[in-house]
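Me: I have a structure to go through with you, and I would like to know what stands behind the words used for it. Could you take me through it?

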Amino acid sequence: MLHTLSVKQMSEKLHAGEISSVELTQHYLDRISQFDPELNAYVTVTPELALEMAREADERLKNGTAGVLTGIPVAHKDIFCTDGVKTTCSSKMLDNFIAPYDAHVVTLLKKAGMPILGKTNMDEFAMGSSSESSYYGPTKNPWDLNAVPGGSSGGAAAVVAANLAPMATGTDTGGSIRQPASFCGITGIKPTYGTVSRFGIIAYASSFDQAGPMSRSAEESAWMLNAMSEFDSRDSTCLDMERPDFAANLGDSLQGLKVGVPAEYFGEGLDPEVEKVVKDAIAEIEKLGATTVPVSLPNKDLAVPSYYVLAPAEASSNLSRYDGVRFGYRCENPTDLQDLYKRSRAEGFGAEVKRRIMVGAYALSAGYYDAYYLKAQRLRRMVRDDFTNAFEQCDVIMGPVAPTPAFNIGEKTDDPTSMYLADLYTIPVNLGGFPGMSVPAGFANGRPVGLHIVGPYFSEAKLLNIGHQFQQVTDWHKQTPAQYQ
Amino acid sequence: MKAVLWYFIALFFARRGPAYFRGFLRLLSVKVVSRAISNFQIGSVEVSIGKSEVEYISRLAMIDVADDEVEQVSAKLSKVLDLFAQMEAVNTDGVEPMAHPHEVAQRLRADEITETDQHEKLQSVAPATAQDMYLVPQVIE
């Protein structure tokens, strides 16, 4: 069974000519037709494009121009513009939008030779933590069809967990790679802000948005991050600096590693089973030679309100481009220009997106700017400084990704703030712009739980090294729900 | 002395139109509430958004809110604003606002053409065009 191989094994077989990329890609397309109807993890499947790219990959494998990921299929979150392919951001607003160009990440992964299987489902415009706000209906968690896969990159996490793609791209504005990775039992890393180009990624909150890889293992994520990260002048915040080889340190020993454990991440509200899984994982890492030190993140509780002012404020500006004029949904029979704007947006956006635009517009409006927006920016600095101070005493911080394992579909949709508060461990990392990773660490109530590893700026290679070493002595990342084995 | 200052602030907002004045009233209420918190140590403050404010926000956001949605929208927005009220109690004196994770200067490039003309491709996704222009409802009578 091809889908039970690791990416490393697939790559070896492709290079040895034992399998072809067309064969591998067709295998995944078949699995998608078989299983995706129940999971709803893909918005669009692109079999023709996938097979055409697989044939090109096979050429490269024959003529010696292939790299480690050439011929390995990939699924892109439907937030990445993909030339000639419907790119919806899971919104009715973009239901008819055929992207006229490629996101830089898509360009790079095409260059790496990864056939595109399709576009994965997500929370509408990446605003959510459950993938339930998609215009195309919720994605289900492969571990339990009653549970959410997390969000906003829920479709991406679900396709990797259910073996409907070996690798997937995600984006993380407030936890959208790490939390679904945790909920679906896969590995995902959000790099330092500015590492991966945002060009062609549909914008939500520009000072937070960052793309990253989602895969079974840390080793695979390291390869994919190598392929998708490069300076790009078309993203004004993309850092103009040399990227390291993110896979170079995978084999390093963890001897002497100092792990910061913040008391604030193990307080009230944390599910006791999740706490146990996370503490056991940290103990496992200690066995590999690491030591733990207590650290403090005193302003942790300020992160959620700060984020939910700043991200909607940025969103209200970014999403002003959806006006019913240049692309996207347009209402029927507008009476005048203002009616065209107001009704196209009212009919094209879903409830949570409208809520965040309205909250953001309000926070930026005359009279409230200081009380909300500037105040939130001051808190952002306090939260960031907590981490900077903690990193003086430790190399990385470890804790839970989310206070609970995956919750049930429909459980949190009535009260938006209850969903916001569940982001309390991931959001501070985005406020600071630090890299963060989720690594499968066990199960609570039968649902997967991830270990959250956060490092200082540009410590991705270290995080991936820790993840890889942990995965040498554990097999949580290899587990697959019974029906998708 | 403070009262005189507030009078001028009120005048400033009032002269800029009713929307600004409403903003001022809101600012004043935030001030009063935050003072109440610091004086009496009240834990949390209920913020509620009325119908007129929903209409104001709907105009700012350019999103139509139907009459039968106002109540639900105001209830949910109020809940979000309750969350924001937690920020008020925090002393942020002397903390510089942080706009961005990396404190680097904006990169500039030479003023040279880097893009080729792709208007046909880019307009192919527009709802309505004519003669290379985007069509909208008539604006000038």
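Me: What makes helix α12 of chain A mostly covered or mostly exposed?

Reply: Of the 22 residues of α12(A), 16 are buried, where buried means under 20% relative accessible area with a 1.4 Å probe and protein chains only. On that count α12(A) is mostly covered. A word on the basis: this is a predicted model, with local features needing pLDDT of at least 70, side-chain atom pairs counting only at pLDDT 80 or more, and totals for chains, interfaces and linings using all residues. Residues are numbered from 1 along each chain as its sequence is written, chains are lettered from A and ligands numbered from 1 in the order in which they are written, and side-chain values use heavy atoms, with hydrogens and water left out.

Me: Why are α9(A) and α12(A) called oblique to each other?

Reply: Their axes come within 9 Å and cross at roughly 125°. Angles under 35 degrees count as roughly parallel, over 145 as roughly antiparallel, 65 to 115 as roughly perpendicular and the rest as oblique. The two helices are therefore oblique.

Me: What makes β5(A) a partner of β6(A) and of β10(A)?

Reply: Two strands pair if DSSP finds at least two bridges between them. β5(A) has two bridges with β6(A) and three with β10(A), both in the antiparallel sense. A:Thr187 stands opposite A:Ser215 in β6(A), while A:Lys190 has A:Gly436 of β10(A) as its bridge partner.

Me: How do you know whether the faces of β5(A) are covered?

Reply: On one side A:Thr187 and A:Ile189 are buried, and on the other A:Gly188 and A:Lys190 are too, so both faces are covered.

Me: Why are β1 and β8 of chain A called edge strands?

Reply: They belong to an open sheet of 11 strands with mixed pairing. β1 (42-45) and β8 (291-295) each pair on one side only. Elsewhere in chain A, β7(A) and β9(A) run parallel, joined by two bridges, and A:Gly260 has A:Ile397 as its bridge partner in β9(A).

Technical notes:
Buried < 20%, exposed > 50% of the residue type's maximum accessible area, 1.4 Å probe, protein only. Helix = DSSP H or I, 4+ residues; strand = E, 2+ residues; numbered from the N terminus. Axes fitted to C-alpha atoms, helices over the stretch in contact; angles between N-to-C directions.
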